[in-house]
Amino acid sequence: MSIERQEIEKLATLSRIAINESTITEVSQRLSSVLGLVDQLQAVNTEGVDAMSHPMQATQRLREDEVTELNQREALQATAPETEDGLFLVPKVIE
Amino acid sequence: MHNLTIAELIKGLQSKEFTSVELTQHFLDRIDSLNPAYNAVITVTAEQALKAAAAADQRLAAGDAPDLCGVPILHKDIFCTDGVRTSCGSKMLDNFIPPYNATVVENFEQAGAVVLGKTNMDEFAMGSSNETSFYGPVKNPWATDSVPGGSSGGSAAAVAARLAPGATATDTGGSIRQPAALCGVSGIKPTYGRVSRWGMIAFASSLDQGGPMARTAEDCALLLNCMASYDDKDSTCIDREVPDYTADLNSSVKGLRIGVPKEYFSEGLHAGTEQAVRAALAKLEEQGAELVEISLPNSALSVPAYYVIAPAEASANLSRFDGSRYGYRCEDPKDLQDMYCRSRAEGFGEEVQRRILIGTYCLSAGYYDAYYGKSQQVRQLIQQDFVSAFEKVDLIMGPTCPSPAFKFGSKGDDPVAMYLEDIYTIATNLAGLPGMSIPCGMVEDKPVGLQIIGNYFDEALILNAAHQYQQITEWHDLAPAGVAS
């Protein structure tokens, strides 16, 4: 199974990863090699087998709907690249 | 002091043979002089360590201190440490200083253990050789031209080089057991849900599990006593009492039924590794254990299933690293998309990017059922293999990995060759079972690991068998050249 250049570009966009034009062929080859490995799964008969999402079939616990966390905005924003007035700053989105 | 086990260090500290400050300084000096050769430790917290050691000495003087009080350890750099950089081996988090402790870190702090620093690792725990770390590869103390294994290669190498008597680690597809095997130390991956994942940077959430590494099984038991806990903050943590893992260490293995899966001794297994593992099994048989040949027919499917599930979950988990709130942000982004795309392209290494792309592919429209859905079904089949096996046996044993430590760069070109390194370890993560690796021989002057897999929550039985094996063998006592003196 091989991945076309177009598909790599689409994946890169979905993944929000800028891909260097010069490496596309290499990335495509390596991804194809991994997909070749995982394609072994297609031959397995899994009819009637339930998908397993947790080894012990645990489900999400529920708790009382009450406030448990303290406000730590300053501590949590201390490592942010850029903040202003308690907000995270990013490049302008709406002109 | 660096040749003593944690059990011996506890005795020494409690009987005041030495203080924690002395012990801590001794290990800090060793890290200073030896670590440059191995690159196992990437952050040293000397000042905090000595302060914690002084506090531990006070607790010890007052009596009634917990077991690990004053014992120096290292944390894998995947566990968040309040005020101390937690990089996960990535440029993306090179500047990240968490404002909180992981539950595991908190547990050790409560017990009075002394944190010497943080260990190197494959970037975001994605790798089996430690070659993907942003901070450069860790070198195997047994052969510095060879890999230490991964992803917890820094923790394994640090314990092997006696830079610390024990370290924390994590295991998503073999990341505790494979480096433990390659570096000749003991390491256990507990049952999924036994150790809290809160504050442990997520790779593949349905597979990730923290566990300890040390030189002996007894030391792993002492560390696991502290590391395992129920935690409300991890929704997949299992609410179940933590037993004293040292309680059964001395039970006899007489009558123990050990399953030996024929699939784990097939093509691709190094002859020397096989010989060492078979000899270890024979030793346990001499002690009265019974060897039973078993089959885990779907074993071969574990690698492909894993390389769908793990990247799929990783692609979702790693979407949080976008340059907005913490971590790396590219220079002069021209707009929001550019900030996302370039921060991630520049902040993530090649293997991490590859797995995100694969994961995104497997989860994308039109492919989800064929890949992710199918893998989750195959996972069920793999679990069923183990469920059937454990109807007939108490433990399963075999090699931890196919061959001893390989040379740097030797599997660099083909990701699939590297992925096959985890062929014997991945199935236990998919099934959520506990597994351990202990040293059981030497091949080409490099250590070989014996893997011990148990049923759910049977960590105590695994540790018991490992401890009994270590009572009659000396592989765990061997030290790389220049390390023991």
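This is a predicted model: local features need pLDDT of at least 70, side-chain atom pairs count only at pLDDT 80 or more; totals for chains, interfaces and linings use all residues.
User: Why is Arg162(B) called buried?

Analyst: The cut-off for buried is 20 or more other C-beta atoms within 10 Å. Arg162(B) has 20 other C-beta atoms within 10 Å, so it is called buried.

User: What makes Asn130(B) count as buried?

Analyst: Asn130(B) has 32 other C-beta atoms within 10 Å, and the cut-off is 20 or more, so it counts as buried. Asn130(B) also has a positive phi, about 65°, although it is not a glycine. Asn130(B) lies in the loop between β3 and α5 of chain B. Ser151(B) is in the loop between β3 and α5 as well; the peptide bond from Gly150(B) to Ser151(B) is cis, with omega near 10°.

User: How do you know that α5(B) is mostly covered?

Analyst: Helix α5 (residues 153-160) of chain B has eight residues, and eight of the eight are buried. Among them are Gly153(B), Ser155(B), Ala158(B) and Val159(B). Strand β3 (residues 114-119) of chain B is likewise mostly covered, with six of its six residues buried.

User: Why are β1(B) and β3(B) said to pair?

Analyst: Pairing needs at least two bridges between the strands. Strand β1 (residues 41-44) and β3(B) have three bridges, so they pair, in the antiparallel sense. Val44(B) stands opposite Gly117(B) of β3(B).

User: How do you know that β2(B) and β3(B) pair, and in which sense?

Analyst: Strand β2 (residues 72-76) and β3(B) have five bridges against a requirement of at least two, so they pair, and the sense is parallel. Leu74(B) has Gly117(B) in β3(B) as its bridge partner. From β2(B) the chain crosses through helix α4 (residues 103-110) to β3(B).

User: What makes this β-α-β crossover right-handed?

Analyst: The test is the path from the first strand over the helix to the second, viewed with the strands pointing away: clockwise counts as right-handed. The crossover from β2(B) through α4(B) to β3(B) is right-handed, which means that its path runs clockwise in that view.

User: How do you know that the radius of gyration of chain B agrees with a compact globule?

Analyst: For 485 residues, the rule for a compact globule gives a value near 23 Å; chain B has 21 Å, so the two agree. Buried residues make up 62% of chain B.

User: Which residues have the most contacts inside the largest nonpolar core?

Analyst: They are Leu116(B), Ala158(B) and Leu395(B), in a core of 162 residues. The largest share of this core, nine residues, comes from α9(B). Leaving aside neighbours within four places in sequence, Leu116(B) is in contact with residues including Phe27(B), Val44(B), Leu74(B) and Ala164(B).

User: How many residues of chain B are in contact with chain A?

Analyst: Contact requires C-beta atoms within 7 Å. By that test, 57 residues of chain B are in contact with 38 residues of chain A. The largest share of the side of chain B that touches chain A, 11 residues, comes from α12(B). The residues of that side divide into 30 nonpolar, 17 polar and 10 charged.

Conventions
Residues are numbered from 1 along each chain as its sequence is written. Chains are lettered from A and ligands numbered from 1 in the order in which they are written. Two residues are in contact if their C-beta atoms, placed from the backbone, lie within 7 Å. Helices (H or I, at least four residues) and strands (E, at least two) are DSSP runs, numbered from the N terminus. Ala, Val, Leu, Ile, Met, Phe, Trp, Tyr, Cys and Pro count as nonpolar, Asp, Glu, Lys and Arg as charged, and the others, Gly among them, as polar. A nonpolar core is a set of buried Ala, Val, Leu, Ile, Met, Phe, Trp, Tyr and Cys residues joined through C-beta atoms within 7 Å. A residue is buried if 20 or more other C-beta atoms lie within 10 Å of its own, exposed if 12 or fewer, and partly exposed in between; C-beta atoms are placed from the backbone. The radius of gyration is taken over C-alpha atoms; the globule rule is 2.2 Å times the number of residues to the power 0.38.
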